[in-house]
Amino acid sequence: IKEIYLKDYKQPEFKVSKCDLCFELYDDYTIVTNTMNIESSKKDNQLYTLKLNSIDLELIELYLNDLKLSDARYSYKDEVLSVYNTPNKFSLKIKNKIYPQNNTELEGLYKSGSIFCTQNEPEGFRRITPYIDRPDVMAVYTTTIIADKKKYPVLLSNGNKQSENQYGDKHSVTWFDPHPKPSYLFALVAGDLGVINDSFRTMSGNDIELNIYCDLGNESKCFHAMRSLKDAMLWDEEKYGREYDLDIYNIVAVDSFNMGAMENKGLNIFNSHYVLANEELATDRDFMGIQSVIAHEYFHNWTGNRITCRDWFQLTLKEGLTVFRDQCFSADLNSKEVARIEDVKALRERQFVEDASPTSHPIQPESYISMNNFYTATVYEKGAEVIRMIHTLLGEEKYRKATDLYFESFDGQAVTTKDFLWAMSEAGKVDLTQFERWYHQNGTPRLLVSEKYENNKYILRLTQVIPNTLEGQRQRVYFFPLKIALLNEEGKEILEETLTISKEFEEFSWETDSKPILSINRDFSAPIIIKQEQNDYQFLSRHDSNSFVRYESMHSFGVDTLEKIIHNDEIDREFVDTYGYILDADLNLSFKALLLELPSVSTLMQRQEVVDFEPIYEANEKLQKHLASVYKDKLLSIYKNNHLPKDDSIESLSMDRRAIKNRVLKLLSMLGDEDIIDLVKNQYDNSSTMTDKIAALDILENTTQKEGAVSLSDFYQRYKNDTLVMNKYFAILAASEREGTLDRVMALQNDDVYDEKIPNLVRSLIGVFARNYKHFHSKDGLGYKFVADKIIEIDKINAQMASALAGAFKIYEKMNETNKKLMKAELKRVVSTHSLSKNCYEIVNKILT
Ligand code: HT7
Ligand code: ZN
């Protein structure tokens with residue numbers, strides 16, 4: 001098992017300027033003919049060995065400058081095809097055979113049901129044909145696909161369609177992509193597909209053909225995705241001046257996909273979860289997810305495709321920036337305040353946990369064994385926070401100048417995060433030398449805050465506490481923007497400032513007439529943990545004009561309250577009063593729903609020195625029951641005012657109403673009262689949206705045995721033919737807190753709908769169970785054993801899926817002794833499995849050492 005290091009990066013020895021591909025698709029195999037124009041980077045007329053990455057390929061024949069190569073001129077070993085004694089400039093034609101129908105890893109060319117499709121990022125192309133499979137080798141591709149016309153009427157690849165031909169039962173289509181691209185952006189699709197079309201006129205007047213392809217019969221579920229695509233195209237023109245650059249933009253939805261979607265040039269391939277939706281079958285969260293993923297992949301056309309990464313260590317160059325862009329897009333099209341809170345919540349639930357674990361890494365890692373393991377919350381979400389800080393430091397206007405400079409300077413190139421930072425500092429007129437540490441250091445920084453008020457002077461003292469590396473080495477302090485405000489007793493802003501913090505200790509002071517109240521890290525201007533000596537949560541959660549700090553204060557107030565219950569078994573009356581105040585407040589309803597959400601189990605777990613879930617669950621239950629009984633009438637009236645069972649609109653007010661009423665319904669259900677259960681049952685039976693049905697089903701599953709079973713079986717009968725909906729069914733059962741969940745999850749594996757080869761189903765059943773703290777961490781160790789068995793089994797089918805499941809063990813180090821011992825035994829069993837993939841080995845080994 002080989003570890004790859006950033007410090008070993010060398011420029012490629014050969015370049016490929018042109019790559020002509022021909023695919024002959026048959027039921028049992030595919031023949032690939034790959035003709036490349038290759039040039040050595042050295043100009044010394046020596047003879048060299050060309051090394052091409054190749055995994056599981058059956059070579060048929062090779063031609064160099066049209067001459068067939070004898071066996072002595074090449075060898076194929078250890079995933080490398082070496083061609084000896086090559087001249088400086090030559091053409092190389094390689095014919096090879098692959099078996100897409102047997103490809104369960106879902107990398108390279110594979111079949112999703114009856115559809116041929118590809119996934120090549122980061123290193124899938126080497127499973128299609130021998131190639132210099134690295135992102136800094138960029139070529140112009142022409143692709144011809146030949147297949148049975150009846151079975152595969154739709155044949156797609158990157159770029160614009162060049163020609164079509166018929167030969168008896170077969171047909172062929174040739175695609176030409178004029179933009180040089182790395183192999184990871186190559187795509188091919190063939191199948192009998194349904195489609196919806198539309199068009200978009202760009203700012204310079206080009207009409208672009210837009211197509212969304214899906215399984216036949218699903219066409220009517222593609223309209224939200226199409227709307228989102230057009231919104232994203234317009235937004236990128238308005239906000240970044242970026243225009244689309246081909247005549248056609250194709251999106252294809254497939255069911256078997258390892259992640260969310262892929263930004264292949266001109267031919268995005270999507271997990272159908274992020275395309276297909278209608279009001280009856282998709283939740284509000286699904287609709288929002290589609291909008292943001294469609295936009296994310298579209299935005300990659302400039303941040304990723306036109307300007308790509310020099311090597312995979314630069315992944316955050318395209319991913320951090322593109323996530324930041326899609327976050328801003330969603331914030332602009334929906335509620336800004338809610339969007340920011342949701343982004344921060346997601347960051348803290350996933351990235352903060354990762355950053356406190358043995359798999360913690362900088363947004364630009366220094367080494368990897370399997371690149372697939374580095375598509376992480378750190379590279380993506382923390383990466384986006386780093387770009388957001390640059391945006392804050394530069395301000396809107398300079399940030400736009402800086403991105404313009406970035407696009408002008410590096411268009412058509414494969415570059416590094418340093419190149420990006422150069423453009424930011426050059427046009428932004430700011431020195432980012434110290435800021436660059438955000439790219440190379442790991443862990444979440446803490447900021448200790450102490451305040452003093454004397455002689456009409458308010459003093460703010462800040463101390464940065466930076467965690468050591470995993471190996472125990474010291475890391476240095478950061479440069480970051482810290483947005484603060486000082487408020488008066490009515491909550492009015494005395495001042496608002498964005499401070500730039502760069503030292504370990506810093507002191508700021510302001511003259512004020514009376515002692516102000518501090519509102520700190522407004523909008524979550526830096527991805528840090530704030531530790532305040534004193535706090536004003538009660539005041540800020542009622543009065544702060546910054547919606548993020550208002551949310552943050554309510555959340556921290558909730559955390560303190562739960563911790564008091566854990567330690568002293570005592571419910572803080574002031575928190576209960578504040579909760580009542582928020583219930584009465586006149587606020588945007590989705591924002592209100594967020595304020596009323598109690599801290600997650602994960603939030604409390606992250607604060608425990610030694611993790612033990614049981615007291616967290618007990619405290620949560622106690623507080624929820626208390627709030628529900630104190631405020632039953634208020635909660636009921638909020639529910640009744642906002643429950644409109646036949647309103648299935650996805651306009652914001654309708655979504656907001658569903659958000660608040662389902663939040664209060666969940667709290668009310670803690671009482672277990674019959675009148676409440678009737679409401680829930682009624683909501684399940686009569687609401688026309690999937691959001692309402694799922695919310696009700698989740699409550700019924702967790703609170704009532706009988707009604708839960710009736711509704712679940714109704715749901716199953718109704719939707720068993722729709723896999724996307726069945727994912728929700730499996731997820732509810734796998735997340736259930738009821739006794740017997742593990743047994744039921746085990747049994748569900750034999751359900752007709754379940755299929756271990758389809759990642760969405762594995763994620764919904766096994767993945768969700770592995771994050772069900774109550775049952776995964778049960779003290780009998782059976783949860784661990786089950787998930788470990790699954791990791792070993794699925795690793796043989798799809799290593800990427802298996803290593804994602806292994807992520808559930810990341811909190812091993814922090815667990816209490818009983819659980820730790822049980823976890824260790826299972827982790828050891830996994831890591832010593834014969835022929836375990838390098839993906840799983842890398843994750844499990846890190847967790848254990
Ligand atoms: N750039 C893509 C990353 C990716 C991926 C996508 C689908 C399947 C497997 C994959 N491996 C890596 C997705 C994105 O960030 O847009
Ligand atoms: Zn991306």
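This report describes a predicted model, taking its annotated domains, ligand shell, strands, helices and backbone geometry in turn.

## Basis of the model

Residues are numbered from 1 along each chain as its sequence is written, and chains are lettered from A and ligands numbered from 1 in the order in which they are written. Because the model is predicted, local features need pLDDT of at least 70 and side-chain atom pairs count only at pLDDT 80 or more, while totals for chains, interfaces and linings use all residues.

## Annotated domains

An unreviewed UniProt entry places "domain: Peptidase M1 membrane alanine aminopeptidase" at residues 225-438. UniProt positions are given in the numbering used here, feature names are shortened, and annotations may be inferred rather than shown by experiment. In the model, residues 225-438 are 56% helix and 9% strand, and the end C-alpha atoms of the span lie 34 Å apart. Helices (H or I, at least four residues) and strands (E, at least two) are DSSP runs, numbered from the N terminus.

The unreviewed entry also carries the annotation "domain: Peptidase M1 alanyl aminopeptidase Ig-like fold", which covers residues 443-532. Residues 443-532 are 0% helix and 56% strand, with end C-alpha atoms 19 Å apart.

## Shell around ligand 1

There are 13 residues around ligand 1, and Q119, E121, N258, M259 and M262 come nearest. A residue is near a molecule or strand if its C-beta atom, placed from the backbone, lies within 6 Å of it. The elements that give two or more residues to this shell are β20 (261-262) and α2 (284-299).

By class, the shell is made up of 5 nonpolar, 4 polar and 4 charged residues. Ala, Val, Leu, Ile, Met, Phe, Trp, Tyr, Cys and Pro count as nonpolar, Asp, Glu, Lys and Arg as charged, and the others, Gly among them, as polar.

Strand β25 (residues 446-454) runs antiparallel to strand β26 (residues 457-465), and 9 bridges join them. Two strands pair if DSSP finds at least two bridges between them. E454 has K457 in β26 as its bridge partner. The hairpin of β25 and β26 has 2 residues between the strands, and N455 takes a positive phi near 50° there. β25 is also joined by 4 bridges to strand β31 (residues 529-532), in a parallel arrangement. The bridge partner of L448 in β31 is K531.

β26 in turn is joined to β29 by 7 bridges, and these strands run antiparallel. F508 in β29 is the bridge partner of L460. Strand β29 (residues 505-511) is hardly covered, with a count of 0 buried residues among its 7 residues. A residue is buried if 20 or more other C-beta atoms lie within 10 Å of its own, exposed if 12 or fewer, and partly exposed in between; C-beta atoms are placed from the backbone.

Helix α13 (residues 613-630) has 18 residues, which at 1.5 Å a residue should span 26 Å; its end C-alpha atoms are 26 Å apart, which agrees. The expected span is 1.5 Å times one less than the number of residues. In α13, F613, I616, A619, N620, L623, L627 and A628 are buried. Seen down the axis of α13, these buried residues fall within an arc of 155°, so they line one face of the helix. The arc is that of the directions from the helix axis to the C-beta atoms. A628 counts as buried because it has 20 C-beta neighbours inside 10 Å. The C-alpha atoms of A628 and S669 are separated by 8.2 Å, although these residues are 41 residues apart along the chain.

For helix α18 (residues 705-719), 15 residues at 1.5 Å each should span 21 Å, and the end C-alpha atoms are 21 Å apart, in agreement. G708, S711 and F715 of α18 are buried. They cover an arc of only 75° around the axis, which puts them on the same side of α18. On the other side of α18, Q705, K706, A709, S713 and Q717 are exposed.

## Backbone exceptions

Most residues other than glycine have a negative phi, and most peptide bonds are trans. The peptide bond from E121 to P122 is cis, with omega near -5°. P122 lies in the loop between β11 (115-119) and β12 (139-148).

D56 is not a glycine, yet has a positive phi of about 50°. D56 is found in the loop between β4 (48-53) and β5 (58-64), and is partly exposed, with 13 other C-beta atoms within 10 Å. E79, also not a glycine, has a positive phi of about 65°. E79 lies in the loop between β7 (74-77) and β8 (80-86), and its 14 C-beta neighbours inside 10 Å make E79 partly exposed.
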